[in-house]
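Here is a walk through a predicted model. Keep the structure in view and follow the text one element at a time.

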Amino acid sequence: MTLNHFSAALVFSIFASVVFGITHRDNARDMVRYGLYCFVMFLGGVFVAGWAMWVLKR
Amino acid sequence: MANSTTERSKAAAAETVSLMSIVAPAIGWLIPGAGHMIQKRWIRGLLLFVSIVTLFVLGLAMQGRIYKANGGDILDILGFVGDVGAGALYLLSLALDWGQGAIAFATADYGTKFIIVAGLLNFISIADAYHIAIGKKQ
């Protein structure tokens, strides 16, 4: 099985965010919110790092 | 009379809590999410189980490497520590000799990281199960 860079990052972000959300907050609403926050941060980090590498390469 | 009954029930509750504070992390290590399920946090336990097991299995499917106990390179030692966190999945992988192939392409390295992260996430899950058991978290 092969995943490209983005899909690997996406899968990682989803599952890591679920675990972070559940373990770092006390009630269901906060868990969902924190999980979504982590997911956005993970994916945002991927895009920022991607563009940073593109700029460095030029 | 009432006082002694109350004290006995308090002592029984404390004993249950202390027993659970050992059992929940132990079973949570062996089976991801089980530390929550044993404390009747069914949905949380199921989500943790699915997340951690899926990451681990995807890592294996991507031909990631399973680290064995070693005293060599620091990254290999840390890889082993991460892998061990997956509990029964790690033991099963060792028993069936999974994840021992040579890494032939770039995404296999992602697989190795998926497996390590699955173990590390399970460590967090274990700590959470412990906090629930001692009453620090609902």
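Start with α6(B). This helix has 28 residues. From its first C-alpha to its last it reaches 41 Å, close to the 40 Å expected at 1.5 Å a residue. Past the helix comes B:Gly135. Its phi is positive, near 85 degrees.

Chain B has six helices and zero strands. Along the sequence the pattern reads α-α-α-α-α-α. Chain B has 138 residues, and 41% of them count as buried. Take the contacts in chain B between residues at least 6 apart in sequence: 71% of these join residues at least 24 apart.

Turn to the partner helix in chain A. α1(A) has 20 residues. It reaches 27 Å from first C-alpha to last, close to the 28 Å expected at 1.5 Å a residue. The buried residues of α1(A) include A:Ala8, A:Phe12, A:Phe15 and A:Ala16. Also buried is the run A:Ser17, A:Val18, A:Val19, A:Phe20, A:Gly21, A:Ile22 and A:Thr23. What covers them? The cover on the buried residues of α1(A) includes α2 (28-57) of chain A, together with α3 and α6 of chain B.

Next, the contact between the chains. Chain A gives 13 residues to it and chain B gives 20 residues. On the side of chain A that touches chain B, ten residues are nonpolar, two are polar and one is charged.

How do α1 of chain A and α6 of chain B pack? Two packed helices are described by the angle between their axes and the distance between the axes. Helix α1 (residues 5-24) of chain A meets helix α6 (residues 106-133) of chain B at an angle of about 5 degrees. Their axes are 10 Å apart. Angles under 35 degrees count as roughly parallel, so α1(A) is roughly parallel to α6(B). From α1(A), the contact is made by A:Ala8, A:Phe12, A:Ala16, A:Val19 and A:Thr23. From α6(B) come B:Thr107, B:Tyr110, B:Phe114, B:Val117, B:Leu121, B:Ile124, B:Ser125 and B:Asp128. By class, the contact of α1(A) with α6(B) has nine nonpolar, three polar and one charged residues.

Look inside now. The largest nonpolar core has 29 residues. Which of them touch the most other members? They are A:Val19, B:Leu55, B:Phe56, B:Phe114, B:Val117 and B:Ala118. The elements that give two or more residues to this core are α1 of chain A and, from chain B, α3 (42-61), α5 (88-95) and α6. B:Leu55 shows the links in detail. Leaving out residues up to four places away in sequence, B:Leu55 touches A:Phe15, B:Phe114, B:Val117 and B:Ala118. There is also a second, separate core of six residues. Among its members are B:Ala24, B:Ile126, B:Ala129 and B:Ile132.

Some single residues deserve a stop. B:Arg65 sits in the loop between α3 and α4 of chain B. Is B:Arg65 buried or exposed? It has 23 other C-beta atoms within 10 Å, so B:Arg65 is buried. B:Arg65 and B:Ala108 are 43 residues apart along the chain, and their C-alpha atoms are separated by 7.8 Å.

B:Leu78 belongs to helix α4 (residues 74-84) of chain B. B:Leu78 has 13 other C-beta atoms within 10 Å and is therefore partly exposed. Between B:Leu78 and B:Ile116 there are 8.9 Å in space, C-alpha to C-alpha. In sequence, B:Leu78 and B:Ile116 are 38 residues apart.

Finish with two loop residues of chain B and their backbone angles. B:Lys40 lies in the loop between α2 (34-37) and α3. B:Lys40 is not a glycine, yet its phi is positive, about 65 degrees. It has 9 C-beta neighbours inside 10 Å, so B:Lys40 counts as exposed. B:Asp97 lies in the loop between α5 and α6. B:Asp97 is not a glycine either, and its phi is positive at about 60 degrees. With 9 C-beta neighbours inside 10 Å, B:Asp97 counts as exposed.

How values were computed:
Residues numbered from 1 in each chain as written. Chains lettered and ligands numbered in written order. Predicted model: local features only at pLDDT ≥ 70, side-chain atom pairs only at ≥ 80, totals over all residues. Contact = placed C-beta atoms within 7 Å. Nonpolar A, V, L, I, M, F, W, Y, C, P; charged D, E, K, R; others polar. Axes fitted to C-alpha atoms, helices over the stretch in contact; angles between N-to-C directions. Helix = DSSP H or I, 4+ residues; strand = E, 2+ residues; numbered from the N terminus. Parallel < 35°, antiparallel > 145°, perpendicular 65-115°, else oblique. Buried ≥ 20, exposed ≤ 12 C-beta atoms within 10 Å, placed from the backbone. Expected span 1.5 Å × (residues − 1). Core = buried A, V, L, I, M, F, W, Y, C linked by C-beta atoms within 7 Å.
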